[in-house]
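Please look through the sequence and the model before turning to the points below.

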Amino acid sequence: MPHDPDPPPAKRFKPGSPFFRLDKKPGMLLPRVGHAPVSVDAQRRQLPIYPSRTQVINQLRQLHNAVFIGETGSGKTTQIPQYLYEAGIGRQGVIAITQPRRVAAISLAGRVAEEKRVQLGKLVGYTVRFEDVTSSETKLKFMTDGMLLREAIGDPLLLRYTVVILDEAHERTVHTDVLFGVVKAAQRKRTEQNKIPLKVFVMSATMDVDLFSQYFNKSPVLYLEGRQHPIQIYYTKQPQSDYLQAALVSIFQIHQEAPPSHDILVFMTGQEEIEALARTCRDISKHLPETCAPMTVVPLYASLPPTQQLRVFQPAPKGSRKVILSTNIAETSITISGIKYVIDTGMVKAKRYNPESGLEVLAVLAVQRVSKAQAWQRAGRAGREDAGSCYRLYTEDEFDNLANMTVPEIQRCNLASVVLQLLALGVPDVLNFDFMSKPSPESMRTAVDQLSILGAVERKDDQVLLTPMGKKMACFPLEPRFSKTLLISPEFCCTEEVLTIISLLSVDSVLYNPPARRDDVLAARKKFISSEGDHMTLLNIYRAFRKVSGNKEWCRENFVNSRNMGLVLEVRSQLRDICIKLNMKLESSLSDLANVRRCLAHGLFMNAAELHLDGSYVALDTHQTVSIHPSSVLFQAKPAYVVFNELLHTSRCYMRDLCLVDADWLHEAAPEYFRRKLRATKS
DNA sequence: GAGCACTGC
C-alpha cells in the first residue's frame with residue numbers, strides 16, 4: 001500500500017458541503033457562548049442554553065408537549081430537568097428523564113446531582129435494572145426507557161410522574177417507541193379523568209422532528225444550539241469497490257499529512273475486519289519513513305474486554321497518532337475526545353429482517369449501507385472539541401441515495417414481547433395501538449399467534465385478551481417463550497434449574513473461547529459436557545461455579561467468563577424474586593435432568609427439529625433444513641429430536657444451544673399446534 | 001466443522 005502512488009485526499013476526495021450547526025430555524029435559536037469553564041456553576045452558566053433560561057422556563061410552564069431539537073453539547077438533558085425543578089414546574093410529582101442506555105442514565109444523574117450539590121439518590125437519582133438509586137426525596141429521576149415501561153405495567157397512568165422527558169428519541173429503540181404511545185395515552189387519560197396533568201417532552205437530534213411534533217398533538221418544536229463545530233465533509237470521486245482498501249489508503253494519507261496529535265476514528269462493521277485492518281496498519285506503520293510519526297492503532301467493539309475498551313480513552317504516546325478502528329459502538333455509546341478526522345466506510349453490520357412477514361424468523365447479520373442519519377452521526381464525532389473533517393468512502397451520489405433514516409427497530413423485530421407488554425398495560429385494542437411508526441400488520445399478527453400458541457392470549461371476536469398465564473408471563477423481563485418455560489417449571493419440579501438455565505441464556509455467553517488456546521479450552525470443558533445437550537452443559541458449569549463460590553481462579557482455569565457469570569447471578573436473583581411474588585413453588589430436581597429437559601420441551605416447542613433419514617434436521621415450525629452448530633456439544637451426536645434456542649443463518653442455517661428431547665414431550669406440550677403443523681406438511 | 005453490529009427489562 002505505501003508504494004501505491006495515491007493522490008492526497010484533496011485530490012482523491014471531493015469536498016461536499018461542510019456540516020455546520022443547525023441553520024436558523026423557526027422557534028428558539030440560542031446563542032453560542034465561548035467556554036473556559038471553572039466551577040460547576042460557571043459551567044452551567046456557560047452552556048449555550050443558559051441565556052434563554054427564563055424564556056425556556058416560560059415555555060415549559062405553558063406547554064404540555066414540546067419537542068426539543070438540540071445538538072450535542074447544548075446541555076438540554078442536564079439543564080432542562082433542573083430548570084423545571086427550579087421553577088417549581090411539576091414539583092408535585094417526579095420528573096422522569098429516560099435514556100436508551102444504562103450508562104447514560106447513571107452518568108447524567110451523577111452530573112446533575114453534582115450541579116445541584118446533592119447526594120446522588122436524594123433529590124437526584126437514577127433507576128436502571130438491578131440498581132435503584134432513588135428515595136422518597138427524589139424529584140429528578142434518570143432512568144432507562146425500558147425501566148419506565150416496566151413501571152408502567154403497575155401504573156399505566158404514570159401517576160408518580162408530572163413530567164416525562166424522552167431523551168435521545170431519534171434513536172427510536174423499541175422501548176422508546178412503545179413509551180411514546182404509553183405516555184401519550186397516559187397524558188390523555190389523566191386530562192379526561194381530571195387528574196394532575198402529565199407533561200411530555202421529547203428530546204432529539206435533528207432527525208424526525210416533524211414526525212415527533214405531529215405525533216404529540218402538533219407540539220411546538222424548540223431548537224437549541226449546541227457546541228458542534230463545523231466539519232468539512234469529503235466524498236470520494238469514484239465509487240469504491242473495496243471499502244477496506246479505501247479505508248487503509250485514507251488512514252495513511254491523513255497520517256502522512258496531518259499533525260500527529262490529530263486522532264482518526266474509522267467506522268467499520270465488525271470485530272474480524274477491525275482486527276485484520278489493525279494488524280495491517282501496525283505492519284505498514286513500522287515500515288514508514290522516519291519522517292512519519294508512529295501510529296497507535298486501537299480496536300474498539302463491544303465484545304472487547306472492558307480493560308481493553310478503556311484504551312481508546314488513553315492519549316497516544318507523545319508524537320504518535322491514535323487511530324481508532326471501531327464498530328458503530330462509537331456512534332452513540334462511547335464518546336471519545338480529540339477526534340479530528342472521521343473515516344466513514346458507509347457500511348454497518350445489522351440484522352436483516354424479512355419485510356414480508358415483518359419478522360426476524362432467522363437471525364441474519366449482514367453488511368449493509370448506513371442511513372443518512374447514521375452518516376451524519378458518524379461525521380459529528382469529528383467536531384466535538386474543534387473543527388474537523390469527515391472522509392466518506394463513497395460518492396456524493398451514493399450518499400444521496402442512502403435511506404434517510406434507519407428503519408425504527410419496532411419495524412424490524414419480533415413483537416411478541418411488545419404485544420404482551422401492551423396487553424399487560426391494559427391497552428384495549430393492541431392491533432391498532434397508536435404507534436408513531438406502525439409495524440406491519442403481518443408482524444403484529446405473527447406476534448399474537450405466537451402468544452396464543454404459548455397460551456398467553458385468547459382471541460374473542462376481534463379482540464385479543466390476556467389470559468391469566470399471559471398476565472404472569474408479562475411480569476418477567478424475558479422473552480415470552482422463556483417466561484412460559486419458567487412458569488410451567490413447577491409442574492416438573494425443577495424451577496431452580498430452569499431459573500439457572502434461563503438466566504444463563506439471557507446474558508452473553510459465559511463460555512470464554514480464546515482461539516489461541518483451543519485445545520486447553522476443550523480439555524477444561526470436557527468435564528462439564530452433558531450428552532443431553534448445551535443447556536445441561538451450561539447447568540453443570542453453573543453448579544460447579546457455585547460449588548467453588550464463584551472463585552475467580554477457577555473461572556480462569558475453566559475458561560468461564562466471570563463477569564458474565566456475575567450477571568447470571570443478578571438476573572437469576574431478579575427472576576427468582578418474581579417467582580416468589582407469584583407464589584411459585586421453588587423446587588429442585590437435583591440429579592433428575594430429564595424433568596428439566598421435559599420442561600424445556602414444553603416451553604421451547606416452537607423451536608424444535610427432527611432428524612431425517614438422510615442425516616439432516618428439519619425445523620418442525622417452518623420445515624426448513626437446519627444443522628447443528630459446530631459449537632454445540634451435540635454436534636457429533638444425532639439425536640432424533642431437539643429443541644434449540646435460536647437459529648443462526650450464516651453459511652448454513654444453524655441451530656444454537658440445543659437440548660435433547662422426546663418426541664412425545666413435544667406433542668404433549670402443544671397437541672393442537674403439532675396437529676396443525678402435520679396438516680400443513682401433508683397439504 | 002464455525003464465527004458473533006448494538007442496546008435493554
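Which helix gives the largest share of the surface near DNA strand B? Helix 6 (residues 145-154) does, with 3 residues. The model is predicted, so local features need pLDDT of at least 70 and side-chain atom pairs pLDDT 80 or more, while totals for chains, interfaces and linings use all residues. Residues are numbered from 1 along each chain as written, chains are lettered from A and ligands numbered from 1 in written order, and side-chain values use heavy atoms, without hydrogens and water.

**Surroundings of DNA strand B**

- DNA strand B is surrounded by 26 residues, each with a heavy atom within 4 Å of the strand; the closest are Arg-102, Thr-144, Ala-302, Lys-349 and Thr-650.
- Of the atoms of DNA strand B within 4 Å of the protein, 68% belong to sugar and phosphate.
- By class, this surface has 11 nonpolar, 9 polar and 6 charged residues (nonpolar: Ala, Val, Leu, Ile, Met, Phe, Trp, Tyr, Cys and Pro; charged: Asp, Glu, Lys and Arg; polar: the others, Gly among them).

- A polar backbone atom of Gln-271 is 3.4 Å from a phosphate oxygen of DNA strand B.
- An N or O atom in the side chain of Thr-327 is 3.3 Å from a phosphate oxygen.
- A base nitrogen lies 3.0 Å from a backbone N or O atom of Pro-630.

**Helices 9 and 10**

- Helices are DSSP runs (H or I, at least four residues), numbered from the N terminus.
- The axes of helix 9 (residues 243-257) and helix 10 (residues 271-286) come within 11 Å and cross at roughly 40°; axes are lines fitted to C-alpha atoms over the stretch in contact, with angles from 0 to 180 degrees between N-to-C directions.

Terms used
Helix = DSSP H or I, 4+ residues; strand = E, 2+ residues; numbered from the N terminus. Polar contact = N/O pair within 3.5 Å; in protein donor to acceptor, adjacent residues only side chain to side chain.
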